[in-house]
Amino acid sequence: MNKTTRINLIMRYINNRSQFTLKELMQEFDISRSTAIRYVRTIEDLGLPLVSEPGRNGGYVVMRNQVLPAIHFTTDEIKMMFIAFMATRNQQLPYLTSRRTVTEKLLGLIPITQQDDLLVLSQQLVFDGTHPQNPNSLDRADLPDPVLEALIQQLLISQCMQITDNHGQTYQIAVTHLYHEQSQWWLEFIKLDTTTLVQLPLAKITGVAAAQNDLDSQTIADKLKAATPKPNVVLQLGATAVSRFKRYHPFSLSLAYTDPYQMQGILRHYLPSTTDEIAFFGDWLQFLGEDVTVVQIPAALRDYLKRRYN
């Protein structure tokens with residue numbers, strides 16, 4: 001890492017903290033005390049206002065309401081960002097127009113010859129959902145769900161909000177997760193009137209608005225704890241099953257590893273008794289293979305597995 005890049009990193013590190021000490025800089029960037037002092041003086045000369053605090057526990061305080069020097073990206077950083085934007089194609093993310101204009105601006109920051117190299121590279125890189133013979137041909141439209149951007153905008157304001165489904169029903173909710181699975185976006189939330197946990201595809205949401213009543217994070221955490229049912233599925237996974245679990249598992253499932261090498265684990269999950277949920281989980285369980293020890297499963301799942309094996 002060259003000196004300019006290191007100074008830029010230290011400057012950002014300092015500006016994101018209300019105060020810091022030389023010891024913290026030494027530990028964070030693995031530099032000597034004399035080097036840390038030299039970097040601090042260089043950063044002060046660049047215009048970042050610092051006030052030193054004398055004493056045993058003293059350090060430096062950053063004066064707020066000041067403007068940092070302009071950010072300068074290296075050529076490698078620009079290439080990395082360009083490739084990252086290429087990788088998000090066909091992900092049905094919001095702010096599609098913004099992604100396109102940012103990509104164009106990134107290209108404009110580097111020489112023409114390197115622009116051509118990146119455009120050639122974009123034809124050679126093949127990401128999920130991209131046709132290998134024609135990278136410009138997408139498996140599905142690179143268009144976000146129309147509700148997704150509105151939902152994200154509301155989440156930036158509050159975790160609580162009001163949604164309307166495709167049947168015209170309106171709910172006051174607290175969002176717990178917004179995730180992408182099975183080629184579509186899903187919203188997991190707590191219905192505040194009944195304190196139940198719900199997963200709903202965004203395709204069934206037609207409207208998003210501010211909540212009538214906002215709740216603090218602790219109240220939401222308490223409601224989530226009350227809404228989360230006790231697990232009725234407990235499985236012990238061996239090395240092969242753990243490996244397959246890492247390759248694919250539904251978003252709602254998590255594994256508690258029981259050894260430091262992450263080769264063994266315990267899966268605890270609440271499985272609803274609906275036919276679709278039982279069938280999906282049963283088929284996925286067979287994907288894990290025989291390296292699974294059943295500790296507890298509901299009778300409906302046991303019957304489904306028996307029918308499948310028979």
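Q: Is strand S13 mostly buried or exposed, and how many of its residues are buried?
A: In this predicted model, strand S13 covers residues 265–269. Of its 5 residues, 4 are buried, so the strand is largely enclosed by the rest of the structure.

Q: Which strands pair with S13, and in what sense?
A: Start with the general idea. In a regular strand the side chains alternate between the two faces of the sheet. Now the case here. Strand S11, residues 233–237, pairs with S13 in the antiparallel sense over 5 bridges. Strand S12, residues 255–257, pairs with S13 in the antiparallel sense too, over 3 bridges.

Q: Which residues of S13 stand opposite Leu235 and Tyr257?
A: Leu235 faces Leu267 across the pairing. Tyr257 stands opposite Gly265.

Q: Where is confidence highest, and where is it lowest?
A: Take the overall value to begin with. The protein has an average pLDDT of 85, and 90% of the residues score at least 70. Confidence is highest in S11, at 97. It is lowest in strand S5, residues 134–138, at a mean of 57.

Q: How do I read a helix, and what is the span of H1?
A: An α-helix has 3.6 residues a turn, so residues three or four places apart point the same way. Helix H1 runs over residues 3–15, which is 13 residues. From first C-alpha to last, H1 reaches 18 Å, close to the 18 Å expected at 1.5 Å a residue.

Q: Which residues of H1 are buried, and what covers them?
A: Arg6, Ile7, Ile10, Met11, Tyr13 and Ile14 are the buried ones. Seen down the axis of H1, these buried residues fall within an arc of 160 degrees, so they line one face of the helix. Their cover includes helices H2 (22–29) and H3 (33–45). It also includes strands S1 (19–20), S2 (50–52) and S3 (60–62).

Q: What does Tyr171 touch?
A: Tyr171 sits in strand S7, residues 170–181. Leaving out residues up to four places away in sequence, Tyr171 touches Met161, Gln162, Ile163, Asp165 and Lys191. With Asp165 there is a side-chain polar contact of 3.0 Å. Tyr171 and Leu192 are 21 residues apart in sequence, and their C-alpha atoms are 8.0 Å apart in space.

Q: Why does Ser158 count as buried?
A: The cut-off is under 20% relative accessible area. Ser158 has 10% relative accessibility, so it counts as buried. Ser158 lies in the loop between helix H7 (148–155) and strand S6 (160–165). A polar atom of the Ser158 side chain lies 3.0 Å from the backbone nitrogen of Cys160.

Methods
Residues numbered from 1 in each chain as written. Predicted model: local features only at pLDDT ≥ 70, side-chain atom pairs only at ≥ 80, totals over all residues. Heavy atoms only, no water. Helix = DSSP H or I, 4+ residues; strand = E, 2+ residues; numbered from the N terminus. Expected span 1.5 Å × (residues − 1). Buried < 20%, exposed > 50% of the residue type's maximum accessible area, 1.4 Å probe, protein only. Arc of directions from axis to C-beta. Contact = heavy atoms within 4.5 Å. Pairing = 2+ DSSP bridges. pLDDT = per-residue confidence, 0-100. Polar contact = N/O pair within 3.5 Å; in protein donor to acceptor, adjacent residues only side chain to side chain.
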